[in-house]
Amino acid sequence: MTLAVGSNITVNTFHQDHFSVVFSNIPSLTNMREMNLYNLFIRSIDLPEYTQEFVPSQFKGSTIWNPISQSNDELPSLTVEFKLSENMENYYNLFYWMQSIRYRQPNTTAVQSELIRKNTVKSIDVLLLDNQKRPRMKMSFTDAFCAGLSNLQLTMGDSSEVTFITTWKYTEVMMDPIP
């Protein structure tokens, strides 16, 4: 049951399975139809912690805490768990892309003069849905690249779904309500 508080605020709880993730692109893909190997195979996503640091300063005998900006020494990370597609295509595409970055081989779909650092997923959009499965909030992680690809555990005699975990580094996160 949803209780109305005020004119446009409702009191309800968010449920874990009410989200959708959309990848704008994967640099190693040549056929954009293959994006479904990512958008439809997501099992879970861990939204990162967002913190603010403070530094004290003294003013007329009182301590005042001032927020400080984070240094850009390390990029923040996002963790996404995927179900492995039948022919391992979603794992292979990420593996191939990571290898091309590691060995400095430009991707065949990218412009040759483009820097490897610009060879990123332009946006990973996480849509948070209400209980009627309507999008209400959008978190966008921009200029992301896959920094970690977990191992695959294969077991004889076990027909369970195989999953793998990816770690993404990104430059910026934005959060916007969807009216």
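The model is predicted, so local features need pLDDT of at least 70 and side-chain atom pairs count only at pLDDT 80 or more, while totals for chains, interfaces and linings use all residues. Residues are numbered from 1 along each chain as its sequence is written, and side-chain values use heavy atoms, with hydrogens and water left out.

A pair of aromatic rings is described by the distance of the centres and the angle of the planes. Here rings of Phe, Tyr and Trp (its six-membered ring) pair if their centres lie within 6.5 Å; planes under 30 degrees apart count as stacked, over 60 as edge-to-face and the rest as tilted. By this rule there are nine aromatic pairs. One of them joins Trp97 and Trp168 in a tilted arrangement, 5.9 Å centre to centre with 40 degrees between the planes. Trp97 belongs to helix H2 (residues 89-102) and Trp168 to strand E10 (residues 163-169), so this pair ties together parts 71 residues apart in sequence. Helices (H or I, at least four residues) and strands (E, at least two) are DSSP runs, numbered from the N terminus. Trp97 is buried, at a relative accessible area of 0%, and Trp168 is also buried at 0%; buried means under 20% relative accessible area, exposed over 50%, and partly exposed in between (1.4 Å probe, protein chains only). Ring pairs link Trp97 and Trp168 with Phe23, Tyr38, Phe82, Tyr91 and Phe164 into a cluster.

Trp168 also figures in the largest nonpolar core, where Phe23, Ile26, Ile124 and Trp168 have the most contacts inside a set of 28 residues. Such a core is a set of buried Ala, Val, Leu, Ile, Met, Phe, Trp, Tyr and Cys residues joined through side-chain atoms within 4.5 Å.

Turning to charged side chains, a salt bridge is a side-chain nitrogen of Lys or Arg within 4 Å of a carboxyl oxygen of Asp or Glu. The whole structure holds four salt bridges. One of these joins Glu81 and Arg43 at 3.6 Å, N to O, and links strand E7 with strand E4 across 38 residues. Glu81 is buried, with a relative accessible area of 16%, whereas Arg43 is partly exposed at 48%.

Asp130, Arg134 and Arg136 are linked in a network of salt bridges. The closest N and O atoms of Asp130 and Arg134 are 2.8 Å apart, and those of Arg136 and Asp130 are 3.1 Å apart. Asp130 is buried at 15% relative accessible area, while Arg134 is partly exposed at 40% and Arg136 is partly exposed at 35%.
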